[in-house]
Amino acid sequence: MIYISFDYTGVEIDQDTMKIAINKAFDVMQKSDYNFSLSDIDLYFIGDTEMIQLNTSWRGKESSTDILSFPAEGEGISLDSFVDPEIDTQEPSMGELFISLDVAQKQADQWGHDIYNECQLLFVHGVLHLLGYDHELGEKEEQEMFDTQNKIMEIIEKP
């Protein structure tokens with residue numbers, strides 16, 4: 001199950017349409033040939049100000065980014081100032097994903113698709129990180145992650 005929180009209103013989106021898009025991506029990943037076993041994921045849509053704070057705190061990069069992934073079995077991170085207190089998963093979570101809607105909108109405009117498709121792509125990318133994929137480890141790992149991501153997106157984008 002995905003727990004979704006919209007903590008930012010700077011980019012106009014239809015929350016119901018976004019939930020449908022994200023749930024479709026989640027379902028495709030569970031039913032794909034990769035047979036990913038996905039548990040609960042906490043997903044937060046935030047703005048650049050919050051993303052810069054997170055990126056600076058956890059990666060030492062004083063800039064925004066499109067998505068950050070925090071596996072549940074990480075270093076005991078505390079994101080209390082960003083986490084919606086209304087979300088109580090009751091189940092062990094795979095981790096948390098934070099998507100900057102500001103960056104997602106810019107990238108959607110750049111690539112010529114809508115923000116819902118961009119957020120699906122970012123969600124898939126983030127979940128792959130939660131599953132242990134890491135494109136920053138080397139060329140082989142990068143190729144494997146992006147090949148997997150592209151194949152999943154092809155399935156998602158089929159009518």
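This is a predicted model: local features need pLDDT of at least 70, side-chain atom pairs count only at pLDDT 80 or more; totals for chains, interfaces and linings use all residues.
Helix α1 itself spans residues 15-31 and comprises 17 residues. The distance from its first C-alpha to its last is 24 Å, close to the 24 Å expected at 1.5 Å a residue. The buried residues of α1 are Met18, Ala21, Ile22, Ala25, Phe26, Val28 and Met29. These residues lie on the same side of α1 because they cover an arc of only 165 degrees around the axis. An α-helix has 3.6 residues a turn, so residues three or four places apart point the same way. The face of α1 turned away from the buried side carries the exposed residues Asp16, Ile20 and Lys31.

The secondary structure of the chain consists of 5 helices and 4 strands, and along the sequence these follow the pattern β-α-β-α-β-β-α-α-α. The chain has 159 residues, of which 47% count as buried. Among contacts with a separation of 6 or more, 68% are made by residues 24 or more positions apart. The chain exposes about 8900 Å², and carbon and sulfur atoms supply 45% of this area.

Aromatic side chains were examined next. The count comes to 4 aromatic pairs. One of them is formed by phenylalanine 6 and phenylalanine 45, which are stacked, with 5.1 Å centre to centre and 10 degrees between the planes. This pair links distant parts of the chain, since phenylalanine 6 belongs to strand β1 and phenylalanine 45 to strand β2, 39 residues apart. Phenylalanine 6 has a relative accessibility of 17% and therefore counts as buried, the cut-off being under 20%. Phenylalanine 45 also counts as buried, because its relative accessibility is 0%.

A further stacked pair is formed by tyrosine 44 and phenylalanine 98, with 4.9 Å centre to centre and 20 degrees between the planes. Here too, distant parts of the chain are linked: tyrosine 44 is in strand β2 and phenylalanine 98 is in strand β4 (residues 93-100), 54 residues apart. Both tyrosine 44 and phenylalanine 98 are buried. Together with Trp58 and Phe70, Tyr44 and Phe98 form one aromatic cluster. Strand β2 thus holds phenylalanine 45, paired with a residue of β1, and tyrosine 44, paired with a residue of β4.

Conventions. Residues are numbered from 1 along each chain as its sequence is written. Side-chain values use heavy atoms; hydrogens and water are left out. Helices (H or I, at least four residues) and strands (E, at least two) are DSSP runs, numbered from the N terminus. The expected span of a helix is 1.5 Å times one less than its number of residues. Buried means under 20% relative accessible area, exposed over 50%, partly exposed in between (1.4 Å probe, protein chains only). The arc is that of the directions from the helix axis to the C-beta atoms. Contact means heavy atoms within 4.5 Å. Accessible areas come from the Shrake-Rupley method with a 1.4 Å probe; for residues, only the protein chains shown count as cover. Rings of Phe, Tyr and Trp (its six-membered ring) pair if their centres lie within 6.5 Å; planes under 30 degrees apart count as stacked, over 60 as edge-to-face and the rest as tilted.
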